[in-house]
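Please read them beside the coordinates.

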Amino acid sequence: MDKFLKLRAIAAPLPMANIDTDMIIPQQHLKTIKRTGLGQFAFSNIRYHDDGSERADFVLNKPAYRQAQILVTGPNFGCGSSREHAPWALKDFGFKCVIAPSFADIFYGNCFKNGILPIILPQETIDLLLDDAGRGANAIITIDLENQEITGPDGGKISFDVDPYRRHCLLNGLDDIGLTLQKKDVIQNYEAKKRLSQPWLFKG
Amino acid sequence: MTEPEQKPKTLYDKLWQSHIVERQDDGNCLIYIDRQIIHEVTSPQAFEGLRQAGRQLANPEAMLAVPDHNVPTGADRATAINAEDSQIQLDALTKNCKEFGVEYIPMLDDRQGIVHIVGPEQGFTQPGMTIVCGDSHTSTHGAFGALAFGIGTSEVEHVMATQTLILKPQKNMRIDVDGRLGAGVTAKDIALAIIGHIGTAGGTGYVIEFTGSAIRDLSMEGRMTLCNMSIEAGARSGLVAPDQKTFDYVMGRTKSPKGAAFEQAVAYWKSLPSDEGALYDKEIFLRAKDIAPQVTWGTSPENVLPISGVVPDPNDVENPERKVAMQRALDYMGLTAGTKLQDISIERVFIGSCTNGRIEDIRAAAAIARGRTVHSDVAAWVVPGSGLVKLQAEEEGLDQILIDAGFEWREPGCSMCLAMNADKLGPRERCASTSNRNFEGRQGPKGRTHLMSPAMAAAAAITGRLTDVREL
């Protein structure tokens, strides 16, 4: 996984509440056995007309936001289905950071696994960032994960919290399966005890 | 590491603490996962990840695979030409299970069905376990007093390789429903009423334990329906304490412990219910008699009302964002504020899904359909949740009752709940559905979904409009 250190990029505003993972990546695009190539289908039901042409009024179709890497959005983002295709689609589009007042739990975890930083901020702060993001191609925001700080286009600073373990994994681009496999002995010890106390869970 | 034994614990505390392999300094824990169920849509990339890293499965015996999301549900499923991309996913599951040594229930096996119906049916789901699946409705298995939750594909791969996950503890929420449900009111109505009450983010960060006499009185099927929709309330897991009903359901199933092992297991399972005086971070109390049959009117499960209600008016809403969201929902659904819910006519009916595709649900639909006829403007489907549900329904003659009434009796799968294959709504088609999500496009692009119980959906099929089943 790529390291996430500092991101300086255009932020796109999508001020809707309860954007579900069906909206982020509709079911007709889940029939892939790959993790890549889904960016073209991100938000497809609201991004394209029935004939496949772009809806000019959708934010990511506006010239200023085609290169956006930060999404500023509404509460409960990513609710619904656990499909990791949602962060895969966002990542493939180019997004590396999503900022919202709240996230659904499964989506929130899925982001970190894909090098996307989800940031939770109070609604008042989001409103300011939505204002910033409204400036189109001038909406350049800097995300500094090391120092947990956002710098707005006018230089204003906003600090944010993130789980230390997940931050560590993002900063170092770590594969957490590899990390967990280093604890194989601890896991096997646990399992050995469980085989004695709850033998019905194991075959032979 | 010793636990403070004297403090009363919730069911969730016990499940969590008994699965801690290691605590990290930062508050995260390495949690042991007892069982993983996989299906064709969210597993291929996980297997591919293992393959690329040269990794093996930690414990293939802890896994069970069954295709469900994508399988055709028409009578000709054995010979039907599946869409090429759907077939690629089915073939990948078959191949991956063979290569990695995972037990696989193929599409044409009688045991095939929706992951969350097959797990309990096979006795793969048991109290006290941690159970995961790359599907958010894994919360269903919490009905057995198991800590069960949906995960993304990266976590599927993590469990495959290590039999663990790195997690932070959730908070405890208790939702107590006391008293007796009225006639025509079901577990689905409790679930929808709760979501209406706390909202789709109300349970975010919590595990919800459902307690109270109305919950204890539910069948295992009803408890599964309720826990299934915990995720629609924002909670990754729902729980019901295991009791004699639970043990009776588990006993004698293919993968359940047998004989002395079963007795030993039951003794352990009896220690799981929350201790007297255990503390919850949040408690909500509802009275069963206040819950009427529910239907959704919008594009979020929290957009729900009793069937006696009217389509709400955005002008009555103060909050500007909520006003906009409500208007968007009404526009999408093609509804006008003030319309009586019972005046809304429908063209499609879907009875099935991991929420309501069990035998009790088919019985409820058949009880309404018996001696009646599906409205001439309605195409009504019944999609059993598994091959075994289908067989049992056929033994009970339920299929014939439904077919005689004009319902279409189909093969098991997720079908029109998520509309991944040909089973979907056309644009602007309106559906009375027993599934779990009414999101925009969920049952097909521009399709319009009203969520409700199987009895309510069957009643809508007969009258051609949303109907109070109590007045049919």
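1. Helix H2 of chain B gives the largest share of the lining of the second largest pocket, seven residues, where helices are DSSP runs (H or I, at least four residues) and strands are runs of E (at least two), numbered from the N terminus. This is a predicted model, in which local features need pLDDT of at least 70 and side-chain atom pairs count only at pLDDT 80 or more, while totals for chains, interfaces and linings use all residues. Residues are numbered from 1 along each chain as its sequence is written, chains are lettered from A and ligands numbered from 1 in the order in which they are written, and side-chain values use heavy atoms, with hydrogens and water left out.

2. Turning to the interface, 74 residues of chain B are in contact with 53 residues of chain A, contact being heavy atoms within 4.5 Å.

3. Between chain B and chain A there are eight salt bridges, each a side-chain nitrogen of Lys or Arg within 4 Å of a carboxyl oxygen of Asp or Glu. H5(B) provides the largest share of the side of chain B that touches chain A, with seven residues.
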